[in-house]
Amino acid sequence: MKLHSRGWLRKFYRWSWLLVLLVAGRQAFAGPPFQTDDPEPVEFRHFEMYAFELSDTTSSGTTLEVPAYEVNWGAAPGLQLHLVVPLVANIPSDGSMSYGIGDTELGAKYRFVKEKKWMPEVGIFPFIELPSGNAEKGLGVGTTWYRLPLWLQKSWGPWTTYGGGGEAVVPASGSKNYPFAGWLVQRQLNKKLTLGGELFGHGQITPDSDSSTMLDVGGIYEFREGFDLLFTGGHSVAGQSETYTYVALYWTWGPKDAKDSSGGLAAMLRKAHLRF
């Protein structure tokens, strides 16, 4: 994906940190449908599930995850366990296609700083990608690899902003370790609809590719409490040409007597804004 240089991405990451300090004085609804994540874990003893489509297109072809499934569980206060199992279509620019199970993603989101009036929420969300996809067909990397990010978040009124970044460690032939960073701003427009936009960038993923910065816009529509539609789409604004899309159905559930229990993602936003 192309920022022209790794140094540009480092500058982008440093400006992201500066921005969070300014607004505190941007994985809220977290991560999906955006590439930027936030530090907010699932409530203790609650579950959430996404059934989603994700596509990423560059000049070399398209990677399409569909159907794919994500499950998150609030294993302890401030701790979320995470699983993604996708079916993947690899469609190179020559028009051929391979389809099958992709790499399996395991993760743990841990929030170690709660949001306060002048303090952003802070957490980590490391991933382990297990090589369940066939690398020869382009359905996986072919070895275990890792993503190690740090995320921050701050809310005020109907606005929420979050972002951060980290490093992907990919010890596979034909791949490279690369940095990534993103920042997002979103606003709850009414009880049903939340919209937002992000700037997300990453370094060279393979020796033959380049870095990229993308501008994505999307949001959430709440059908009813605990059941939402998520959507986003965007294109690169610097570096290698790249297009990203994501559409998902989202469910959340848990014991009604659990502390700070909540409904769908939009309901979580409303609750957070009432507390702020």
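In which strand is the place of Glu-129? Glu-129 belongs to strand β7, residues 127-130, where strands are DSSP runs of E with at least two residues, helices are runs of H or I with at least four, and both are numbered from the N terminus. The model is predicted, so local features need pLDDT of at least 70 and side-chain atom pairs count only at pLDDT 80 or more, while totals for chains, interfaces and linings use all residues. Residues are numbered from 1 along each chain as its sequence is written, and side-chain values use heavy atoms, with hydrogens and water left out.

Glu-129 has a relative accessibility of 5% and therefore counts as buried; buried means under 20% relative accessible area, exposed means over 50%, and partly exposed lies in between, with a 1.4 Å probe and protein chains only. The side chain of Glu-129 makes a polar contact of 3.0 Å with the side chain of Arg-147. Such a contact is a pair of N or O atoms within 3.5 Å; within protein, one must be able to donate a hydrogen and the other to accept it, and residues adjacent in sequence count only if both atoms are side-chain atoms. Leaving aside residues up to four places away in sequence, Glu-129 touches several others, including Asp-103, Thr-143 and Trp-145, where contact means heavy atoms within 4.5 Å.

The nonpolar interior comes next. A nonpolar core is a set of buried Ala, Val, Leu, Ile, Met, Phe, Trp, Tyr and Cys residues joined through side-chain atoms within 4.5 Å. The largest such core has 22 residues, and Tyr-50, Phe-52, Leu-230 and Tyr-246 touch the most other members. Two or more residues each come from β1, β8 (145-156), β10 (178-188), β12 (212-224) and β14 (243-253), with β14 giving the largest share, four residues. Not counting residues up to four places away in sequence, Phe-52 has among its contacts Glu-65, Val-84 and Tyr-246.

Several of these strands are paired, which requires that DSSP finds at least two bridges between them. Strands β12 and β13 (residues 227-239) run antiparallel and are joined by twelve bridges; Gly-218 stands opposite Thr-232 in β13. Their hairpin has two residues between the strands, and in it Gly-226 takes a positive phi near 90 degrees.

Aromatic rings remain. Rings of Phe, Tyr and Trp (its six-membered ring) pair if their centres lie within 6.5 Å; planes under 30 degrees apart count as stacked, over 60 as edge-to-face and the rest as tilted. By this rule there are nine aromatic pairs. Phe-47 and Trp-73 are stacked because their ring centres are 6.2 Å apart and their planes are at 15 degrees. Phe-47 lies in β1 (residues 47-58) and Trp-73 in β2 (residues 61-76), so the pair ties together parts that are 26 residues apart in sequence. Phe-47 is partly exposed at 30% relative accessibility, and Trp-73 is partly exposed at 36%.

Phe-223 and Phe-227 form a tilted pair, 5.2 Å centre to centre with 35 degrees between the planes. Phe-223 is partly exposed at 39%, whereas Phe-227 is buried at 17%. Together with Tyr-221 and Trp-251, Phe-223 and Phe-227 form one aromatic cluster.
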